[in-house]
Amino acid sequence: MLGSTAFIFYRAYASYEDLSNPLISRVRNRAEAPPLPAVPSVTLIVAAMNEIDVIDQCVASMTGSDYPDLQVIVVDDGSDDGTRQRLRELTALHNFTLVEMPRRSGKKRALVAGLRHATGDVIAFTDSDCVLAPDALRRCVAALVAHPGLGGVSGHARALNADATLLSRIQDTWYEGSFRMSKAAESTFGSVTCVSGPLAVFRRDAIWNYLPVWAEDRFLGAEFKFATDRQLTGYVLGQKWVGAKLKAQHAGSPFLAIDHREREWAVGYVRSALVWTVVPERARPFLKQQVRWKKSFIRNLCFTGTFMWRRGMGPSVLYYGHAIWVIAAPLMAVRHLVVAPLAGMWLLTGLYLAGVLVKGGVWGAAYAVDNPGDPRWRYRPLMSLISSIGLSWLLPYSLLTVRRGIWSRSA
């Protein structure tokens, strides 16, 4: 595990470059994609369901972007807490298109319904509990313009409510490391495996034909409502190998009126594109979020895992190495925290916990280097303990309940 961490750190620090900088070395255009216009039109979309407490600041940050050619779409997915009425009021204050779903349909279906109104060369997504920096969208689009081989890029997320509780402070340091290190390392290979929901920006031609299969994604015989960002990223990463088959499932859809060629897109990460998201402040919502994420991991492993090896050795090591660790984590927890103590092997338990803390300390040190003077680095080892001792147990539960669940972002 420490060896894997060292590899991630090496790639993140030695090789990563912010893709919004036009002076950096160019991303290899394996996709053989035509360049975008110098200032492409952009559609920025969000789907909201019962977000009355945060929808004002989300919409204000979307319409407050400094990008010059921007269409903003907000989809209300059957809210019943006053969000829909508030969005109607906000249309008089901000320039955006409001789409009202007649009934709750799920996040992916709501987004696709909204995208029927999209006109942009670039499609950008955010979450309804997020606040974008004014220049965040512009920086992501600059990366796509400078590097035609990029099909999509992720921004950099931190916790909007980091100071609320100890749990939110811990998550803030976790988000910083997950983006700054893990996504940066993946970006050096052009293979970021999750363009995360807080700020996900794609070329239109990289995702448009796959929106119907995304909206109606099925897993184990039932509609799968999770894996929103992971699955859409998977369609970009793997369309050279699975794209034609996916498009054939929805041949009559208006989203396939223009057939975009399947390409070997690169997917990157823009560290300077900042976005802040509300994180759970209490244990129960946090655990519910983690169950959703583990269900998304399971579904995505069964999709992206079937072709990720085709993208080369580096992406394969990062992707399958992470998958092995997630799968092994509950087994390791049982072995070291249950079986070993019952057998009187307390030294083995101690070594396991020491290894977890060492790993967390390394991530904490990286946080301190990237955020000089910020004392929150000390919370990062706590996240490693929570993840290894507590969250690892959620994988078996998520697998057993993978077909159950509703879309909810309440923190």
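This is a predicted model: local features need pLDDT of at least 70, side-chain atom pairs count only at pLDDT 80 or more; totals for chains, interfaces and linings use all residues.

Me: Of what kind is the pair formed by the rings of Phe125 and Phe202?

Reply: The ring centres of Phe125 and Phe202 are 6.2 Å apart, and their planes stand at 75°, so the pair is edge-to-face. This pair links distant parts of the chain, 77 residues apart: Phe125 belongs to strand E4 (residues 122–125) and Phe202 to strand E7 (residues 200–203). Helices (H or I, at least four residues) and strands (E, at least two) are DSSP runs, numbered from the N terminus. The kind of the Phe125 and Phe202 pair is thus edge-to-face.

Me: Are Phe125 and Phe202 buried or exposed?

Reply: Buried means under 20% relative accessible area, exposed over 50%, and partly exposed in between (1.4 Å probe, protein chains only). By that rule, both Phe125 and Phe202 are buried.

Me: What is the angle between the ring planes of Phe303 and Phe307?

Reply: The centres of the Phe303 and Phe307 rings lie 5.5 Å apart, and the pair is edge-to-face because of the angle of their planes. Both Phe303 and Phe307 are buried. The angle between their planes is 85°.

Me: Which residues do ring pairs link into a cluster?

Reply: Phe303 and Phe307 form a ring pair, and they are also members of a cluster. The residues linked by ring pairs in that cluster are Tyr210, Tyr235, Trp241, Phe303 and Phe307.

Me: Over the ring of which residue does the charged end of Arg11 sit?

Reply: A charge sits over a ring if NZ of Lys or CZ of Arg is within 6 Å of the ring centre and within 35 degrees of the ring normal. Lys183 provides one such case, lying over the face of Phe179 at 5.0 Å from the ring centre. The charged end of Arg11 is 4.1 Å from the centre of the ring over which it sits, that of Phe189.

Me: How many salt bridges does a search of the whole structure find?

Reply: A salt bridge is a side-chain nitrogen of Lys or Arg within 4 Å of a carboxyl oxygen of Asp or Glu. Under this criterion, the number of salt bridges found in the whole structure is 24.

Me: Which parts does the pair of Lys107 and Asp127 tie together?

Reply: The side chains of Lys107 and Asp127 meet in a salt bridge, at 2.7 Å from N to O. Both Lys107 and Asp127 are buried. Since the two lie 20 residues apart in sequence, the pair ties together helix H4 (residues 107–115), which holds Lys107, and the loop between E4 and strand E5 (130–132), which holds Asp127.

Me: Which residues are linked with Asp172 in a network of salt bridges?

Reply: Arg376 forms a salt bridge with Asp172, with 3.0 Å between the closest N and O atoms. The pair links distant parts of the chain, 204 residues apart, as Arg376 is in the loop between helix H12 (346–370) and H13 and Asp172 is in helix H6 (residues 166–187). Arg376 is buried at a relative accessible area of 18%, and Asp172 is buried at 1%. The residues linked with Asp172 in the network are Arg158, Asp163, Glu176 and Arg376.

Me: Is Arg271 buried or partly exposed?

Reply: The side chains of Asp370 and Arg271 meet in a salt bridge of 3.9 Å, N to O. Asp370 is in helix H12 and Arg271 in strand E10 (residues 266–277), 99 residues apart. Asp370 is buried, with a relative accessible area of 18%. Arg271 has a relative accessibility of 28% and therefore counts as partly exposed.

Note on methods:
Residues are numbered from 1 along each chain as its sequence is written. Side-chain values use heavy atoms; hydrogens and water are left out. Rings of Phe, Tyr and Trp (its six-membered ring) pair if their centres lie within 6.5 Å; planes under 30 degrees apart count as stacked, over 60 as edge-to-face and the rest as tilted.
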